[in-house]
Amino acid sequence: MAVPKMKSQTWKKVWPYAAAVGTLLLIWQVAAFFLPPYLLPGVPTVLERLAAGITEPEFLTSLKESLFRLIIGYPSACLLGGLLGLLAGLSRGFAVYLRSLIAILQSIPPITWIPFLIILFGFGNVPIITVIIIASFFPMALSVMNATEGINRTHLEVAKVLGATKGQLLRKVYLPETLPSFITGAQVAFGNAWRSLIASEMVGGASSGLGFSIKFAGEVAQMTDVLLYIVIIGMIAAFFDHVVLEWLKRRVLKWRYIEGAK
Amino acid sequence: MQTLEIQRVHKSFGSLKVLENINLTIEKGKFAAIVGPSGCGKSTLLRMVAGLETPDEGTVQADGKVIKQPSPERMMIFQEHALYPWLTVGENVEMGLELAGVSKEERRKRAQEVLKTVGLDGFYNYYPSQLSGGMRQRVSIARALVMDPDVLLLDEPYGALDAMTRLTMQNELLKLWEGSGKTMLLITHDIDEALYLADQIFVMSARPGKVVQTIDLDLPRPRSRHSQRFGELRQEIMQLLGLEE
Ligand SMILES: Nc1ncnc2c1ncn2[C@@H]1O[C@H](COP(=O)(O)OP(=O)(O)O)[C@@H](O)[C@H]1O
Ligand SMILES: [Mg+2]
């Protein structure tokens, strides 16, 4: 019984998404009708370029560089944010401090740190990864902090009555109860991480990566390549968000997706 | 098994005086009930016995020892079943044993046994959200029973259930208690529930809560809710609570 239900639910989520993608491609194709190909190549041209491009070493290097920065920066940010959020949820004083810190950091667009970090560390991975962390630790921290502060008192007291130590409270109640907010935080953080990664590469944090490649294509007025990178950047983000993180969510929050659950 | 003794207990939250000079003793193995208007401090009192709250003045003791913190000897059952939604029925029941470091096989064996006694055989792998209100409350009773406590503290356990389920659950609770030697302390706003179950009823006044009357029940079990004595006692309590002239 559970399987067909899951399938129909997945389909319900998939079709509006497919429709949205279809609409965008349609607008693009219609616009391409009226413009010369060097200004706006059509969808088939770019898709052909995509099929050919994904085997080119130049493109693969660019992709690899970006993913490497993401895979170092994003999980670090999640870990840092999660830990800070958990601490802040447990200590009122630290929560006030963390909120102020985040408010200050939020008023400075993360990309602003690039020149500062380049002077400090030179071109390369370090400034970009640092910006990813600055940009994406705080949605995680805020989400986890709110969940920890709002923890169900009775759930804590049940564990205390059952004999839980402080450490056991943390592992057996705080952690599982705030898990959904870890996932929400991680989803928002991913958006921030991805945006700041591409932006940092574009404003000169490094001379490689998807952001650098699209900027380069723009400078030499290669519209097909520009569109190719836009499509790829969007596709990778969608894949992470809707496939990887969604899979993770269903795995760790199994109890929420059980049949008959409210 | 434990005798519970509450002596000269006062408690305030800020400027709100909740409990005033509470004195009561519950002999080991007895079934006691507390009735009183909402907000008179019944839960606060029970939480003190559970070790979740401390009195401002006076002492709360179990077998002559002051209660300072929760102990597996005294299990509390909360008004809202308070099961962990992310754990299965079995895992919920095993929680206390797991915290105490009992081995997995042993845990499983004991959980299965207790689930059988509360009539939830075969629900081991269900999640709480898949159960009815009555079944969830049975799981939370199983979660307490598996620890084999000396004292069971129940805070309006059936308050959220429908009338019919409530009657069934009351009979089940009696069966669990009879012959077990456990000391029971039940809070309820249902006068009939107290009269049907308890050996001893403490009637509390509105805030600040005081014990205005202690009633020792001499009725044999199973009790009839329609007997004359039952009716008289019901009327007495209602008068004490100001619900009837
Ligand atoms: N931790 C607390 N902080 C402040 N006020 C509380 C706290 N716990 C209970 N109270 C207040 O004390 C009074 C008695 O509460 P409670 O013991 O839950 O009453 P009852 O269970 O009889 O309805 C209520 O007015 C309640 O708001
Ligand atoms: Mg109460």
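Tutor: Helices are DSSP runs of H or I with at least four residues, strands are runs of E with at least two, and both are numbered from the N terminus. Keep in mind throughout that this is a predicted model.

Student: In what order do the elements of chain A run from the N terminus on?

Tutor: The order reads α-α-α-α-α-α-α-α-α-α, in keeping with a count of ten helices and zero strands for chain A. The C-alpha atoms of this chain fill a box of roughly 75 × 55 × 30 Å along the principal axes, and buried residues make up 42% of its 262 residues. Among contacts between residues at least 6 apart in sequence, 72% join residues at least 24 apart.

Student: How should I read the packing of two helices, and at what angle do α3 and α8 of chain A pack?

Tutor: Two packed helices are described by the angle between their axes and by the distance between those axes. Here, helix α3 (residues 57-90) and helix α8 (residues 166-202) of chain A pack at about 140°, with their axes 8 Å apart. Because angles must be over 145 degrees to count as roughly antiparallel, α3(A) and α8(A) are oblique to each other. In passing α8(A), α3(A) makes a right-handed crossing, and the contact between the two has 15 nonpolar, four polar and two charged residues.

Student: Turning to chain B, which polar backbone atoms lie by the side chain of Asn92(B)?

Tutor: The backbone nitrogen of Tyr84(B) lies 2.8 Å from a polar atom of that side chain, and the backbone oxygen of Leu87(B) lies 3.2 Å from a polar atom of the Asn92(B) side chain. Asn92(B) itself lies in helix α2 (residues 89-99) of chain B and is buried, with a relative accessible area of 0%.

Note on methods
Residues numbered from 1 in each chain as written. Chains lettered and ligands numbered in written order. Predicted model: local features only at pLDDT ≥ 70, side-chain atom pairs only at ≥ 80, totals over all residues. Heavy atoms only, no water. Buried < 20%, exposed > 50% of the residue type's maximum accessible area, 1.4 Å probe, protein only. Polar contact = N/O pair within 3.5 Å; in protein donor to acceptor, adjacent residues only side chain to side chain. Axes fitted to C-alpha atoms, helices over the stretch in contact; angles between N-to-C directions. Parallel < 35°, antiparallel > 145°, perpendicular 65-115°, else oblique. Left-handed = near helix turned anticlockwise from the far one by under 90°. Nonpolar A, V, L, I, M, F, W, Y, C, P; charged D, E, K, R; others polar. Contact = heavy atoms within 4.5 Å.
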